[in-house]
Amino acid sequence: MLLFTFEDVTVVRAGRIVFEGLELALPEGLTAVVGPSGAGKSTLLRLLNRLADPQRGVVRYRGRDIRSLDVLALRREVALVPQLPALLPGSVADNVRYTGRLAGRPPDIAGLLADAALPADLAEREATALSVGEQQRVMLARALATGPRVLLADEPTAALDQDSRAIVERTLLGLSDRQDLSLVLVTHDRAQASRLAERVIAIPAPDRGLAVRRRARST
């Protein structure tokens, strides 16, 4: 089954056409969306869990118009990890518990931290006092606390150094393999897209069509 489909989707932001008549299908698995700043990558991602809606056309999730779905239930199942960490005051565990409460499920703090490649002893640390790389992985653990089937990652390594970027990349690949979790990744880094994704959607410029490249990810 297709994960997402875009049918004649038009999006206008601040008087500028971002997409016009977009037709696109995203299967389950790992997909990367690449392109320059301003091309509409993040807008495309936001359409997938209704942080934005198109002016025209339909976005479908597993065959259903996402506007027919409860928006909070959709966002629990299709979870977003934003580009920059936005943690709540309090401990790492407090942050993960908060998202778990929203989803109505008590989180396994140690298990979620392990899934995000974080040691269990960070649970009681002040979340905002961690390194940027650790904070980004706390954001990942928070997203996983809802038990999502799809993870949307918006430039998740843009602010990280090389070592932290490698850890996050390994973590994302590991989650996909272990949890049967689909991933839609937005990145400006084509090399990263090639490392992580089974298919790549290239958005070269706002006034040009999308290009889709598929490949088998090596293991």
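On a 1 Å grid over the protein atoms alone, a cavity is a set of points where a 1.4 Å probe fits but cannot get out, and a pocket is an open set with protein on both sides within 12 Å along at least five of seven lines; lining residues have an atom within 4 Å of a point. Grid points are joined across faces, edges and corners, and a volume is the space filled by probe spheres set on the points. Good morning, colleagues.

The model before you is predicted, so local features need a pLDDT of at least 70 and side-chain atom pairs count only at pLDDT 80 or more, while totals for chains, interfaces and linings use all residues. Residues are numbered from 1 along each chain as its sequence is written, and side-chain values use heavy atoms, with hydrogens and water left out.

Let me begin with the cavities. How many cavities of 30 Å³ or more are there? The count comes to two. The largest cavity has a volume of about 60 Å³, and its lining consists of V81, Q136, R137, L140, L151, A153, P156, V168 and L172. The elements that give two or more residues to this lining are α5, β7 (150-154) and α6 (162-179); here helices (H or I, at least four residues) and strands (E, at least two) are DSSP runs, numbered from the N terminus. The largest share, three residues, comes from α5. By class, the lining has seven nonpolar, one polar and one charged residues, where Ala, Val, Leu, Ile, Met, Phe, Trp, Tyr, Cys and Pro count as nonpolar, Asp, Glu, Lys and Arg as charged, and the others, Gly among them, as polar.

The second largest cavity holds about 30 Å³ of space. Its lining is made up of L151, L172, L175, S176, L181 and L183, and α6 gives the most, with three residues. Five of these lining residues are nonpolar, one is polar and none is charged.

I turn now to the largest pocket, which contains about 490 Å³ of space. Which residues lie nearest its centre? They are R75, L80, T99, L102 and R142, out of 19 lining residues. Two or more residues each come from α2 (71-77), β6 (78-81), α3 (92-103) and α5 (132-144). The lining has 13 nonpolar, three polar and three charged residues.

Next, some individual residues, described by relative accessible area: buried means under 20%, exposed over 50%, and partly exposed in between (1.4 Å probe, protein chains only). Strand β2 (residues 16-27) contains E23, and F19 is found in strand β2 as well. Is F19 buried or exposed? F19 counts as buried because its relative accessibility is 6%, whereas E23 counts as exposed because its value is 53%. For E23 and L3, 20 residues apart along the chain, the C-alpha separation is 14 Å.

Finally, the backbone. R50, in the loop between α1 (41-47) and β4 (56-61), has a phi near 65°, a positive value in a residue other than glycine. R50 counts as partly exposed because its relative accessibility is 22%. R62 also is not a glycine, yet its phi is positive, at about 50°. R62 sits in the loop between β4 and β5 (64-65), and it counts as buried because its relative accessibility is 16%.
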